[in-house]
Amino acid sequence: MTKAIGIDAGGTLTKLAYENEFGELVLEHFPSNHLQAVTDWISNHPEIEEIGLTGGRAEQVKHLLKEVKSIHYIVEFEATLKGVRYQLIQHGHQFDRSIITNVGTGTSIHFMDGETHNRVGGTGIGGGTLVGLAALTTGIYDYHEIIKKAQYGERQEIDLLVQDIYQGMDTPIAGTLTASNFGKMGIDETKNHPIENILATVQGLVGEVITTLSIQLAEQNQVEHIIYIGTTLNENEALKKVIANYTILKKKTPIFLEDHGFSGAIGAFLNITVNQKS
Ligand SMILES: Nc1ncnc2c1ncn2[C@@H]1O[C@H](COP(=O)(O)OP(=O)(O)OP(=O)(O)O)[C@@H](O)[C@H]1O
Ligand SMILES: [Mg+2]
């Protein structure tokens with residue numbers, strides 16, 4: 001059997017998917033600003049003959065590959081859908097229609113209808129925004145440190161809730177919903193806030209924007225499920241909680257896949273192996 005690998009070269013991270021000697025799927029990622037690490041990895045694995053390539057930085061990876069390998073390019077959204085469909089089967093999910101929200105550096109939103117899909121929306125608010133805003137407000141650039149600290153933070157001293165506006169009155173919508181992310185800062189500017197609280201609030205903003213848009217697109221396309229993927233969700237229970245709570249509140253079903261950052265790489269890998277078999 002020809003040795004193959006799927007590569008999804010994204011704006012921040014380049015993801016690899018391949019099978020080990022036991023036929024198990026192995027997943028790894030490298031920073032996309034150090035693509036040399038990816039090409040070194042490939043040079044160190046001369047048994048790899050076929051490369052399935054996708055993502056916005058696919059062309060850059062292709063240029064860096066010294067040895068000529070057989071490269072199968074696949075459009076990012078096609079690769080993502082293929083990967084997600086495979087992962088859904090692996091996890092025993094039965095549904096066929098869903099919104100897929102890919103929280104990468106930015107966020108891209110798709111409507112999956114069986115084997116077809118459409119890009120139905122997106123926003124520049126994504127994992128890049130989480131790191132970028134966190135870095136600007138606290139000076140912390142490291143993703144792991146950001147999410148670790150964010151999980152201990154509270155948002156209620158920075159975000160303005162609906163009940164904060166409708167003081168003592170009946171609220172027209174749930175009082176605990178955010179009326180204005182960071183809104184209290186414009187009203188009471190004097191307070192100093194712990195770093196953990198600032199980071200939790202940044203995370204809340206990113207999660208709520210992504211979820212609001214996903215819910216609207218789920219309603220427009222009359223689907224119940226919203227699958228959230230992208231490495232931004234990695235080890236990030238606090239962000240998943242923001243997303244899940246709001247999705248459920250709006251009567252939609254949030255789905256998180258294991259290995260949610262790797263759908264594109266898995267799709268690029270399957271694209272070769274399936275073609276080989278047919
Ligand atoms: N080890 C890590 N290093 C950097 N960012 C990380 C790491 N782990 C998780 N992240 C988060 O994941 C985000 C990138 O997610 P992902 O890999 O899905 O995007 P991408 O594919 O690189 O970008 P895009 O699809 O928009 O081109 C980062 O912006 C950051 O918030
Ligand atoms: Mg991506």
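Predicted model: local features only at pLDDT ≥ 70, side-chain atom pairs only at ≥ 80, totals over all residues.
**Around ligand 1**

An oxygen atom of ligand 1 lies 2.7 Å from an N or O atom in the side chain of Lys-15.

A polar backbone atom of Gly-106 is 3.3 Å from an oxygen atom of ligand 1. For Thr-232, a polar backbone atom is also 3.3 Å from an oxygen atom of the ligand. On its own, ligand 1 has 650 Å² of accessible area, and the protein covers 85% of that.

Where does this ligand sit? The space taken by ligand 1 is the largest pocket.

Now look at the residues around it. There are 19 of them, and those that come nearest are Gly-11, Thr-12, Lys-15, Thr-105 and Thr-231. Sorted by class, the shell has 13 polar, 4 nonpolar and 2 charged residues.

Next, trace the shell back to the secondary structure. Of the elements, α4 gives the most, with 3 residues.

Finally, step back to the whole chain. Its domain assignment gives domain 1, made of 3–79 and 262–277, and domain 2, made of 123–158 and 193–256. Taken over C-alpha atoms, the centres of domain 1 and domain 2 are 28 Å apart. Why is ligand 1 said to lie between the domains? Domain 1 and domain 2 both give residues to the shell around ligand 1, so the ligand lies between them.

Terms used
Residues numbered from 1 in each chain as written. Chains lettered and ligands numbered in written order. Heavy atoms only, no water. Near = heavy atom within 4 Å. Polar contact = N/O pair within 3.5 Å; in protein donor to acceptor, adjacent residues only side chain to side chain. Areas by Shrake-Rupley, 256 points an atom, 1.4 Å probe, with all protein chains shown as cover. 1 Å grid on protein atoms, 1.4 Å probe; cavity = no way out; pocket = protein on both sides within 12 Å on 5 of 7 lines; lining within 4 Å. Sits in = over half its atoms within 2 Å of the grid points. Helix = DSSP H or I, 4+ residues; strand = E, 2+ residues; numbered from the N terminus. Nonpolar A, V, L, I, M, F, W, Y, C, P; charged D, E, K, R; others polar. Domains from an automatic or database assignment.
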